[in-house]
Amino acid sequence: MRILLRADTHVSFAIPADDTKPNRAFTFSQLMAALTVSLCSMVLGFTAGYTSPALITMTDQSVTPFEVSPQAASWVGGIMPLAGLAGGICGGPFIMFLGRKTTIQVIGVPFMTAGILIGCAMNVFMVLSGRFLAGFCVGVASLALPVYLGESLHPEVRGTLGLLPTGLGNIGILVCYVAGAFMRWDHLAFFGAALLIPYFILMFFMPESPRWYVGRGREDNARKSLIWLRGKDADVEPELKILVQTQAEADSQANQNYVVELMKPRNLKPLSISLGLMFFQQFSGINAVIFYTVSIFKDAGSTIDSYVCTIIVGVVNFMATFVATALIDKVGRKILLHFSNFAMILTLSILGAFFYCKDNGPDVSDLGWLPLTCFVVYVIGFSMGFGPIPWLMMGEILPAKVRGPAASVVTSFNWACTFIVTKTFQDMIGGFAWNSWSLLAVRRRVRRWSILCDIFCARDAWQDPGGNRAEVDGHHVRDD
């Protein structure tokens, strides 16, 4: 009998004494693997936050040798997630055939090329080309990172170390905000390209995912990978045996037509959960905040300098992730998601009312501190729930045999939602003004988004995963 436990369940077993040393859940090698791919995530965060400080100097004719119209500026922000959609589609086949590690490392070359292209841009087309290339790499990486960590980390530390990419991604956003307060847009692009070097070098020393090796029939390589990850003294044979067994079960039930395979109930259920989490993550509006933080604070008339406000938001975003890291395996995914939802609803309601009063009365000039306060609480709420958990769960719950195509669908869907939010945000600001956006935030987002999100998070069909990676896969294989 196989027993599956929730991530927030702690059970003690009395085990008869024997001479076999138990495998350690935490090892330095696992920390290094998580930290290395998280350095890639830091570049992703830097790329996402780039437009917030860069557009201020890019649209300044005294700094930029070419004109950047408001519509072009909206595309500088919006084209990255659009390219991320393409990257998500291509990322699935990449991680299936090239491998998880190889995919993460290879994208470093076009990523660096994108930064150099933007830094050397002589027209808007070059900037958009660089942003598209960077967005494509972000789309591939955002798919490959959680899959790699979900398959490589021990289940007892997967929740904690699995949040490192989110933590360093937030550091990347913070670094971009701080550097952008002192650098022009072109110098900032060169700086972002240089951030790629550490992770690109360290990836040479990381092992490939043992699950990928097993899927390719290379058990000896999978054993070496497990020994590297679990420690030289660890007995990896039981874990390897489970990986081989679940892979064989998945192979026996697999159909080469991945579209048909994805539509089967045992695969459609975890896929729908991942899609739902990504939908609510993006339509919380987080990327509109990350992409245009400086502009939002300028329009809000905050009594604190807009760059300072942006840096404060970046610091809070970074720190909140580590609070989530400490809580996720103790409190559980569901509770953190409910807290995250409530915090964002509350702050969006207050912020929407503030902008409405600012345009229509009464006078709110004495409340110049309120936008920053709302953004701080909003970012805390997001970073503790809907920021890291959807990505973490994507690597945990998608069945092994269809994980590549399924992760590709989920990631592409996420970037499609991101494009809709970031592109239409600028158009909405220009076309309808802040008061209309505030009404949208108060009336629609608060009532509809919150109700749907809470219903989704409360579904009995969704359980917090926390078991062995292979056991989770086995559960889905048997769940017909």
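Which residues in H15 are buried? Taking buried as under 20% relative accessible area, exposed as over 50% and partly exposed as in between (1.4 Å probe, protein chains only), the list for H15 is Arg266, Asn267, Pro270, Leu271, Ile273, Ser274, Gly276, Leu277, Met278, Phe280, Gln281 and Gln282.

A word on the source: this is a predicted model, where local features need pLDDT of at least 70, side-chain atom pairs count only at pLDDT 80 or more, and totals for chains, interfaces and linings use all residues. Residues are numbered from 1 along each chain as its sequence is written, and side-chain values use heavy atoms, leaving out hydrogens and water.

Zooming out, the protein has 23 helices and 0 strands, taken as DSSP runs (H or I, at least four residues; E, at least two) numbered from the N terminus. Of its 480 residues, 57% count as buried.

Now for the charged pairs. A search of the whole structure turns up 5 salt bridges, meaning a side-chain nitrogen of Lys or Arg within 4 Å of a carboxyl oxygen of Asp or Glu. Here are some of them:

| Pair | N to O distance |
|---|---|
| Asp186 and Arg184 | 2.6 Å |
| Arg223 and Glu237 | 2.6 Å |
| Arg230 and Glu239 | 2.8 Å |

Asp186 counts as buried at 10% relative accessibility, while Arg184 is partly exposed at 35%. Arg223 sits in helix H12 (residues 219-230) and Glu237 in helix H13 (residues 237-253), so their bridge ties together parts 14 residues apart in sequence. Asp220 joins Arg223 and Glu237 in a network of salt bridges. Arg230 and Glu239 are both buried.
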